[in-house]
Every structure is written in structure tokens, then in C-alpha cells.
Amino acid sequence: MKGSRALLKMLEDKGVETMFGYPGGVVIPVYDEILESSIRHVLVRHEQCAAHMADGFSRASGFPGVCIATSGPGATNLVTGIATAYADSIPMIALTGQVGTGSLGLGAFQEVDAYSLMMPITKHNFRVLSLNRLPHAIQEAWVVCQTGRPGPVHIDIPTDQVNAEMDESLCEETYGVKPVKEDYSGIDQAVQWIKEAQRPVMLVGGGVIGANASPDVVRLAELASIPVITPLMGIGSIPTSHPLCMGSLGMHGRMCSLAAFKEADLIIAIGSKFSDRTYSPQTAPLATSRVVHIDIDATEFNKHKREAVNIQGDAKKAVRMLIDRLEGQAGTRPAWDKNIQDLKRRCKCDYNYESDPIVPQKIMYEINRITREDPDIIITTDVGQNQMWAMHYLEIDRPRQLISSGSFGTMGFGLPSAIGAKAACPDKKVITITGDGGLQMVMQDIATSVAEDLPVVICLLNNGWLGMVRQWQKLFWDKRYSNTKLGADPDFVKIAEAFGAKGIHVERPGEIGDALKTAFDSGETCLVEIMVDCEEDITPMIPANPAQPLVKGRCKF
């Protein structure tokens with residue numbers, strides 16, 4: 001069997017139905033074989049978008065995404081997307097072509113050491129210097145990307161190997177992977193601390209969604225009457241509408257979450273890594289507070305400098321163990337329960353603003369009206385103010401409904417991740433919330449959405465600036481706006497129409513709801529450009545630097 005066929009056959013056997021990529025000289029044998037494969041190939045317009053689409057596919061479905069690029073610049077263009085997936089622990093397989101084995105190290109055309117390049121941003125790396133090693137690489141990569149803490153795996157394949165012949169029986173062999181260390185010995189101590197706690201909170205991160213443990217987390221919260229705080233990556237692990245859901249924590253989190261977190265005497269952190277955007281001197285709880293930390297990755301433990309019980313293991317398994325031991329034994333905390341509900345009531349701000357110019361809060365309000373009628377809609381975001389408005393104001397009631405670049409903060413993530421999510425869930429409507437800065441990094445892939453019949457709604461918040469950096473310059477740099485105004489922005493509606501998509505321009509708040517509904521109902525890729533007030537900041541803002549003041553803005557808390 002030819003190497004190119006073996007590669008695709010093994011992916012087919014794993015259940016891969018879609019891959020995202022861009023061809024080039026050394027991967028032509030693979031692309032030739034794709035013509036006979038059951039795998040659908042989505043042709044992107046830039047390799048970075050291939051990685052983001054594979055990422056969005058994985059986040060929406062829970063199934064590893066696959067992307068492919070040629071050697072040299074094709075491989076290097078994947079780097080940002082792979083690093084994005086790695087930072088957020090997203091399972092993914094990245095395939096790159098390579099120059100022939102005889103040319104390695106000789107400065108051949110489009111040669112780059114992709115193996116070394118990808119090493120810091122992947123869970124594992126393979127370079128297939130002998131075709132007989134390809135089955136091992138595919139089999140092990142498939143397991144590694146999903147086992148323990150998920151993440152991308154890279155496979156670099158020289159062109160002479162994909163052209164070579166191998167024994168087909170090798171594709172049927174299985175290869176073992178060393179099991180991930182787990183240690184649940186702290187469960188009983190954790191149960192005791194939960195019983196003793198007077199002011200407990202749960203800090204629920206993206207690891208809960210990755211482990212499909214959201215229903216168990218909700219059950220634990222209800223059983224022990226513990227409020228749940230969700231950093232960006234954990235949004236959707238408990239419905240926003242749930243009485244125990246406090247919302248997001250962090251630099252642009254909700255004030256009620258911050259107040260509860262700072263008052264807590266016990267933090268039950270599940271699949272959350274206490275990153276600097278969530279946990280800082282401004283948000284830290286009492287020095288006497290305790291931490292029960294559940295995570296598959298022991299390197300995330302003890303960042304908080306509090307007395308802790310660390311439980312290394314699968315979130316679903318660990319939470320179910322807690323539930324089993326607490327069933328019928330969880331106490332009540334009337335004073336804390338009342339305080340939590342008081343905090344939530346204080347944090348209910350009206351954001352159905354009819355002001356002119358439009359403020360982004362109004363856009364989130366209109367998106368919520370649509371998603372209440374169709375809760376299956378998937379929402380992706382870009383990075384910047386648009387992302388934070390979405391985090392702060394959108395009503396997200398299920399896991400994998402909100403997809404966003406968290407730890408890496410990648411501008412340009414919104415559109416391609418939406419296309420990937422649509423490929424994963426073709427029966428669901430998908431919308432991306434983006435800004436004029438982020439969209440211009442990837443807007444060529446509107447063509448991919450149209451050509452591949454993967455329609456998405458692009459909700460463009462256009463304020464003519466790199467809004468988040470501008471906001472920092474405004475609040476902390478004496479309004480010294482250096483290189484944040486976007487001059488010569490294009491006519492985005494005409495850009496969309498030039499790619500064969502629909503375009504709608506909105507300048508008045510009363511037009512937003514109808515424009516978004518028209519976009520969804522069209523069944524086509526549609527860009528809704530909404531002109532928003534550049535002076536509107538995403539607040540509250542809790543800087544990580546204690547020397548910088550907390551900014552409340554419109555927040556009435």
C-alpha cells in the first residue's frame with residue numbers, strides 16, 4: 001500500500017470525516033489520494049485558518065480535528081493555530097509534508113525543521129523517516145492527543161515516504177501508550193473540607209468541558225449548594241440561567257464572582273489552571289482559604305499559595321467520587337446562600353441600551369434573544385473587546401456552545417473556528433463575534449465558507465480601532481493612542497459580497513435584531529457589520545497589576 005493511501009486509510013479507520021488544509025508540492029501524493037478517500041477536505045485560503053478550523057471542529061464536537069499543510073511556509077503558517085490549540089488543551093492532529101529524507105538538512109526548497117519548530121507547542125511530535133513507522137505515528141498520535149490533558153500532536157512526513165510502498169498489514173497493528181498518572185487519595189480530605197466550609201465556591205475551567213464532566217459538576221454544586229464561578233474557558237459548564245452560576249471571573253469578569261471568590265474559605269477548582277488573567281493579586285481569596293484542586297495535569301497545582309488538597313485525575317471521575325461521598329451528608333449554609341443570591345441580584349445590570357452610537361452590550365442582548373429561541377446555535381469569538389463583551393453578557397447554557405481562544409488570545413480565531421464548528425455540526429447555526437482588527441487578519445477565508453458550503457454568520461463589531469489596546473491606552477496611558485486606529489478600513493459589506501456572501505450594514509440599534517435574524521434565516525454566509533461606539537469600554541476591568549485601579553464603568557455593582 002502506498003504511504004499516502006495508508007495515511008488516509010488510518011485516519012478513515014479512526015472515524016475522521018473532515019480535514020482542513022492547503023496543498024503544496026511535497027503533499028501532492030496525499031492530495032491525489034484524497035480524490036479516492038471518504039474524507040472531506042476543506043480547502044482553506046491560509047494555513048493558519050486550517051489549524052483554527054481543526055481547532056473549532058474539535059471544540060464543537062469533542063472529536064480531534066485534523067489539518068494538513070505542505071513543507072516550509074505551509075508548516076510555519078500552521079504554528080499560530082497549533083499554539084492556540086495547545087494553550088487551550090484542544091485535541092488535534094497536524095500533518096505536515098517534508099522534503100525527501102535524502103535532502104534533509106541540505107537547505108532544499110521549502111525545507112524547514114518543522115519537527116523542532118512544533119516541539120514547544122505540541123504534546124508530542126513525530127517525524128516519519130521510515131514508512132513502516134507511519135502506523136505507529138498515527139495510532140499513537142490519536143491516543144496521545146486525547147489522553148490525559150488533551151492537546152495537538154504533529155506528524156512530519158517526508159515526501160519520499162508518502163510515495164513509498166508498505167505492507168498493508170502494518171496498518172492493523174496497535175501500539176500502547178503509557179497510562180496517565182492518577183491519584184485520588186485526597187478525595188476523603190476534600191470531602192471533609194467541603195463539609196467544614198462555610199463559604200465554598202467552585203472554580204470550573206475548560207478541563208471540565210474537555211472531560212465531558214459538566215452534568216456532574218452541576219450535580220455536585222446542587223448537592224452541596226456551592227456557587228459556581230466560570231473563567232472564560234469554563235463558560236457553558238453550568239447554564240448561565242442556573243441559580244448557582246455566578247458567571248466569569250478575571251480581568252473582565254463579573255463583580256459578583258469576584259466578591260464571592262475573595263470571600264470564599266474553600267475553592268474547589270476543577271480543570272482550571274489559576275492563570276494570571278483569572279487569578280491575580282486583585283482577585284486572590286483570603287490567605288486562610290483552602291483549595292481543593294482537581295486536574296489531570298499536576299504541573300497546574302499550587303500556583304495559589306494556599307493550603308491545598310491536589311487530586312490528579314479525570315474531572316468526571318473525581319467529581320463523581322465527591323458526589324458519592326457527599327450524597328445525603330452535604331450541609332446547608334443559609335447565610336452564604338443568602339449572600340450569594342444578594343450578590344447576583346446586585347450584578348444584574350440593564351444592557352438593552354438604545355443609545356446612538358450603538359454600544360456592544362446591545363448587540364449581545366439581541367444575540368441572546370435569538371439564542372433563547374434557538375439554543376443549539378454555536379457562538380465563536382475573536383479576541384479583544386468583542387470577546388470580553390461576549391464573555392460578560394452572553395447567556396450560554398450548555399458546554400461547547402461558546403468557543404473562544406483563551407490562553408493564547410489569538411486575533412483572527414473567530415471566523416475560521418466558526419467554519420470548523422459548522423463543519424463539525426452542519427445541522428446547527430453558527431455565528432462568530434469579531435472585530436474589524438481580527439477579521440482583517442483572516443477575512444480571505446470567507447471564500448472558504450462560501451465555496452465549501454459551510455455558512456456562518458459574521459457579526460462584525462466595527463469601531464475603527466484595535467479596541468482592547470486602545471482601552472488600555474485610554475485608561476492607563478493618558479490617552480496616548482499609538483498605532484491603534486485602523487486607517488483605511490475596507491467596505492466590509494462589499495468585501496463579503498465580493499466573496500459571494502451576503503452583507504448587511506447597521507448603524508442604528510433598532511436594526512440589529514432584524515439584521516441578525518435575516519442573516520440566520522438566509523442559510524448563507526452573511527456578514528452583519530454593526531458600527532459601534534469606539535469610546536465604549538468593556539468594564540468592569542480588574543487589572544492584574546495592583547498599582548492600576550479597578551475600573552467599573554457602567555457596572556452598578
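Predicted model: local features only at pLDDT ≥ 70, side-chain atom pairs only at ≥ 80, totals over all residues.
1. Now zoom out to the strands. β16 covers residues 457-462 and β18 covers residues 526-531; the two pair in the parallel sense over 6 bridges. If sheets are new to you, strands pair through backbone hydrogen bonds, and the pairing can be parallel or antiparallel.

2. That pair belongs to an open sheet of 6 strands, and the pairing is parallel. Reading across, the order is β14-β13-β15-β16-β18-β17. Which strands stand at the edges? They are β14 (402-403) and β17 (502-506); each has a single partner strand, so one side of each has no neighbour in the sheet.

3. Next, the helices. α14 (residues 360-373) lies across β13, β15, β16 and β18, and runs at about 160° to β16. Helix α16 (residues 414-424) packs on the sheet too, where it touches β13, β14, β15 and β16. The direction of α16 makes about 175° with that of β15.

4. Go back to L527 and check who it touches. Leaving out residues up to four places away in sequence, its contacts include I458, L460, L439, F492 and I504.

5. L527 also turns up in the largest nonpolar core, which has 43 residues. Along with F20, C67, L78, L415 and L439, L527 touches the most other members. Elements giving two or more residues to this core include β3, α4, α16 and β16, while α3 gives the most, with 7 residues.

Terms used. Residues numbered from 1 in each chain as written. Heavy atoms only, no water. Pairing = 2+ DSSP bridges. Helix = DSSP H or I, 4+ residues; strand = E, 2+ residues; numbered from the N terminus. Contact = heavy atoms within 4.5 Å. Axes fitted to C-alpha atoms, helices over the stretch in contact; angles between N-to-C directions. Core = buried A, V, L, I, M, F, W, Y, C linked by side-chain atoms within 4.5 Å. Buried < 20%, exposed > 50% of the residue type's maximum accessible area, 1.4 Å probe, protein only.
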